[in-house]
Amino acid sequence: FGKSDLLVRACAGSGKTFTAVEAVKRFGHPVIFVCFNKSVQEGLAARLPPDCSARTLNSLGLEMMRTTYGSQIDLAKTSRIVRNTLFEDRKFPRGSPAAKAFSAACRLVSYAKSQALDPRFPLSSPALRKLNERVRELVQSGVIVESLGSQWLSWGIMRCLSRCLKDKESVDHDDSVWMPGVLKLAYPCYRYKAVVVDEYQDLTPAHWVMVQGCVSDLAKLYIGDPYHSIFNYTATTAIYTDSLLAPIPHRLSLSTTFRCPQSHVRLARKVNNEIYSTTDAREGMVVDSDIDPRDIPHGSAVLCRNNAPLLSLAKKLTSIGKTVYVRSPRLRETLHNLVDEWDSGGEDIALWRWAEDRARPLEKRGICRALADTYRCLVGLSHTYGTSEKVREGIDKTLSPNPGGRSITLSTVHAA
């Protein structure tokens, strides 16, 4: 470590952070450690030697923008530019076709930034083809109103990107990663000898461009687990990541997990045969059947990939008198917005059928999984409560604030 680039593929619970920290200590020179979120950064800062630094990717990019252009944080920058550029600063009724187009345009600008699309050289960028494909998918799935057209929206997204790039005095969350890479800014790394990049499998092309550009002169240690991707970016991003990592000459595999019992590891090996349990790990138990809600004690946590099964379980638990807390910060507001959209549209079909018709094409095409999951939540709530007013009451009841005490916590893996 420190003499050339190194790739560490480490399964969950194998001690990858411990290994990285120990490598830094043995290296004996200042190292900068970059990671995704603040909690990881704070934990690393407490364990690293005093002459080393732990930074989030966004804070690293924000510092470069502030140092070079005096940029300030403006979280509403993208929505403001999209509204001004494409919608003449108009505001629309919630749930209207124009409101949906505005929301989709904001998401597409964010997606284009994550793909490191440079509006100054769009014709030579593979990211432009990905953006056009994304627009077509969203139009075909009904997320974007078909009458707007994919060509109009792609052209509009490029105009928004150009204006975002010109406005260097303000940056939002996406800009803090996208702009330093596109503008080819360099971080003042003169006092560091190497950089450690945590969770490389979740880096978007924008992250890669920034990291490769701003710390290009340093030896790099990439550490992560391709089977443990949280953010679930597109397959094209995975191909992009693999192509960048291919030339790295030195590789290390940490394949023994110290976290999981043997039964869990046997189940995981059906997906990843590069994971092993320790010889002294307890046996554990995997139950291949539905859980009886009566067997879940207060104080337990139940994790799931999606929200829809959690809401179904929440209903069963509350029906037998158990106290439940569903941890999903934005789901309550999103579900209310969807009910408003159905109400304002004057639909002739039932709410559950309306949500079902929108969830199915998204699931079939494998896109916008979070939105499809939200529609599924609405299908379940509609079957339970019936009318839109009762559904609203059910949303507030199911997604109420944390009651505290010994409640049963239900959460997606991502939210946890």
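The following legends describe close-up views of a predicted model.

Residues are numbered from 1 along each chain as its sequence is written, and side-chain values use heavy atoms, with hydrogens and water left out. In this predicted model, local features need pLDDT of at least 70 and side-chain atom pairs count only at pLDDT 80 or more, whereas totals for chains, interfaces and linings use all residues.

**Figure 1. Overview of the protein chain.** The protein chain contains 16 helices and 13 strands; helices (H or I, at least four residues) and strands (E, at least two) are DSSP runs numbered from the N terminus. Of its 416 residues, 46% are buried, where buried means under 20% relative accessible area, exposed over 50%, and partly exposed in between (1.4 Å probe, protein chains only). Among contacts between residues at least 6 apart in sequence, 70% join residues at least 24 apart, a contact being heavy atoms within 4.5 Å.

**Figure 2. Nonpolar cores.** A nonpolar core is a set of buried Ala, Val, Leu, Ile, Met, Phe, Trp, Tyr and Cys residues joined through side-chain atoms within 4.5 Å. The largest such core comprises 55 residues, and those with the most contacts inside it are Ile32, Val82, Leu131, Ile157, Leu161, Tyr187 and Tyr222. Helix α5 (residues 97-114) gives the most to this core, contributing eight residues. A second, separate core has 30 residues, including Leu310, Leu331, Leu335 and Val339.

**Figure 3. Surroundings of Ile32.** When neighbours within four places in sequence are left aside, Ile32 is in contact with Ser53, Arg55, Leu60, Tyr187, Tyr192, Ala194, Val195, Val196 and Leu218. Ile32 is also listed among the residues with the most contacts inside the largest nonpolar core.

**Figure 4. Packing of helices α15 and α16.** Two packed helices are described by the angle between their axes and the distance between the axes. Axes are lines fitted to C-alpha atoms, for helices over the stretch in contact, and angles run from 0 to 180 degrees between N-to-C directions. Helix α15 (residues 369-385) packs against helix α16 (residues 388-398) at an angle of about 115 degrees, and their axes are 9 Å apart. The two helices are therefore roughly perpendicular to each other; by convention, angles under 35 degrees count as roughly parallel, over 145 as roughly antiparallel, 65 to 115 as roughly perpendicular and the rest as oblique. α15 passes α16 in a right-handed crossing, a crossing being right-handed if the near helix is turned clockwise from the far one by less than a right angle, and left-handed if anticlockwise. From α15, the contact involves Leu378, Leu381, Ser382 and Tyr385, and from α16, Lys390, Val391, Gly394, Ile395, Lys397 and Thr398. By class, this contact of α15 with α16 has five nonpolar, three polar and two charged residues; Ala, Val, Leu, Ile, Met, Phe, Trp, Tyr, Cys and Pro count as nonpolar, Asp, Glu, Lys and Arg as charged, and the others, Gly among them, as polar.

**Figure 5. Packing of helices α13 and α15.** The axes of helix α13 (residues 331-344) and α15 come within 10 Å and cross at roughly 70 degrees. α13 and α15 are therefore roughly perpendicular to each other. Leu331, Thr334, Leu335, Leu338 and Val339 of α13 meet Thr374, Tyr375, Cys377, Leu378 and Leu381 of α15 in this contact. The residues of the contact of α13 with α15 comprise eight nonpolar, two polar and no charged.

Figure 6. Glu88, although not a glycine, has a positive phi of about 50 degrees. Glu88 is located in the loop between α4 (77-86) and α5, and is exposed, with a relative accessible area of 64%. Ala116, another residue other than glycine, has a positive phi near 60 degrees and is found in the loop between α5 and α6 (126-141).

Figure 7. Lys16 belongs to helix α1 (residues 16-27) and counts as buried at 12% relative accessibility. Not counting residues up to four places away in sequence, Lys16 touches Ala10, Glu199, Ile223 and Leu254. Gly224 lies in strand β7 (residues 219-224) and is buried at 0% relative accessibility. The C-alpha atoms of Gly224 and Tyr200 are separated by 5.3 Å, the two residues being 24 residues apart along the chain.
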